[in-house]
Amino acid sequence: MAWQDVYRYAGKMLGKAEPAPQDAGLPLGARIGSLVHLQMTPLIRAQSAGSLIAMPGEAELRVLAISRVQLQMSGSLYRYYLNCDEDGTEKFLQLYCDANGEVSELLYCSRLTRLIPETSEDQQAYLGEDGYGLGDRSYTLWRAQLAELGMSATALDSAFAAASLEYFRDAGDAACEFVAPFRGSETRIDDAGGRHGLQQDIVFMPYSRQLGDEAGNSMQRELLLISTEIVRSRDGDRSRREIHVDFMIAIPLEMERLTLQ
């Protein structure tokens, strides 16, 4: 799929034909505005097992924006945004297509929190530039930190049997203390013509833990996607540069759980 410059202003198109739709030819036939039919059973089951995942609301079952993540790897990564608000409610479906164009992984993702790395040391750590930080063998979430961010006591009681949750790196050699994080770029379009959206560099690493049932039996995997994002442009405005770190909770889904219309 050829993605044109997503920051073309309508004013620049005066006297010219409208640009071709930029949301065509996507996996599962997705388009901006597509209705999402998602079986909630895996998400309900994950929540009951202590997952931090946030369920989609009734108003979050339509594709509002679409992005393609360019990585130095075979295959393609797409994100179908169900909510792209900056207030912490961001949710998306992430699809990985193999070299043959077949969807081989589907994740439902909801943002847990966002932080702003305020010092150069924090930025280096979340970029994994000095051989530590993002890319370390494990990452710990602390109950007290999430409580300070306003997470409800009910949700915290469900997820935390102790003071912290430990996630282990979901990529590279598990025996290595550090693996360099993945690097790439994301281009998101918020309308079919590609006039609005954003472009950002991303540095990310997936971590995971096993969820258990009431008897403590391992039953489901929950991912913690930590992504440092350096925004290069919003709606064509390249003066609005910023850096932040998003923590997304993700639950893997079987393909038969999702249809788009």
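Me: Which radius of gyration would a compact globule with 261 residues have, and what is the value for the protein?

Reply: Please keep in mind that this is a predicted model. A compact globule with 261 residues would have a radius of gyration near 18 Å, and the protein agrees with this, at 19 Å. The C-alpha trace spans about 65 × 45 × 35 Å along its principal axes.

Me: How many helices and strands are there in the protein?

Reply: The protein has four helices and twelve strands.

Me: What share of the residues count as buried?

Reply: A residue is called buried when its relative accessible area is under 20%. By that rule, 45% of the 261 residues count as buried. As for the surface, the protein exposes about 12,700 Å², of which carbon and sulfur atoms supply 49%.

Me: How many positive and negative side chains does the protein have?

Reply: There are 25 positive and 38 negative side chains. The centres of the two sets lie 6 Å apart.

Me: How many disulfides does a search of the whole structure find?

Reply: The test is one of distance: two cysteine sulfur atoms must lie within 2.5 Å. The search finds zero disulfides.

Me: Are Cys-84 and Cys-109 buried or exposed?

Reply: Cys-84 counts as buried because its relative accessibility is 18%. Cys-109 is buried as well, with a relative accessible area of 0%.

Me: Where is Asp-170 found?

Reply: Asp-170 is in the loop between β7 (164-169) and β8 (182-189). Its relative accessible area is 33%, which means that Asp-170 is partly exposed.

Me: Which residues is Asp-170 in contact with, leaving aside its neighbours within four places in sequence?

Reply: A contact requires heavy atoms within 4.5 Å. Asp-170 is in contact with Pro-206, Tyr-207 and Ser-208, and also with Arg-221 and Leu-223, once the neighbours within four places in sequence are left aside.

Me: How far apart are Asp-170 and Pro-117 in sequence and in space?

Reply: Asp-170 and Pro-117 are 53 residues apart in sequence. In space, they are 23 Å apart, C-alpha to C-alpha.

Technical notes. Residues are numbered from 1 along each chain as its sequence is written. This is a predicted model: local features need pLDDT of at least 70, side-chain atom pairs count only at pLDDT 80 or more; totals for chains, interfaces and linings use all residues. Side-chain values use heavy atoms; hydrogens and water are left out. Buried means under 20% relative accessible area, exposed over 50%, partly exposed in between (1.4 Å probe, protein chains only). Helices (H or I, at least four residues) and strands (E, at least two) are DSSP runs, numbered from the N terminus. The radius of gyration is taken over C-alpha atoms; the globule rule is 2.2 Å times the number of residues to the power 0.38. Accessible areas come from the Shrake-Rupley method with a 1.4 Å probe; for residues, only the protein chains shown count as cover. Lys and Arg count as positive and Asp and Glu as negative; His and the chain ends are not counted. The place of a charge is taken as NZ of Lys, CZ of Arg, CG of Asp or CD of Glu.
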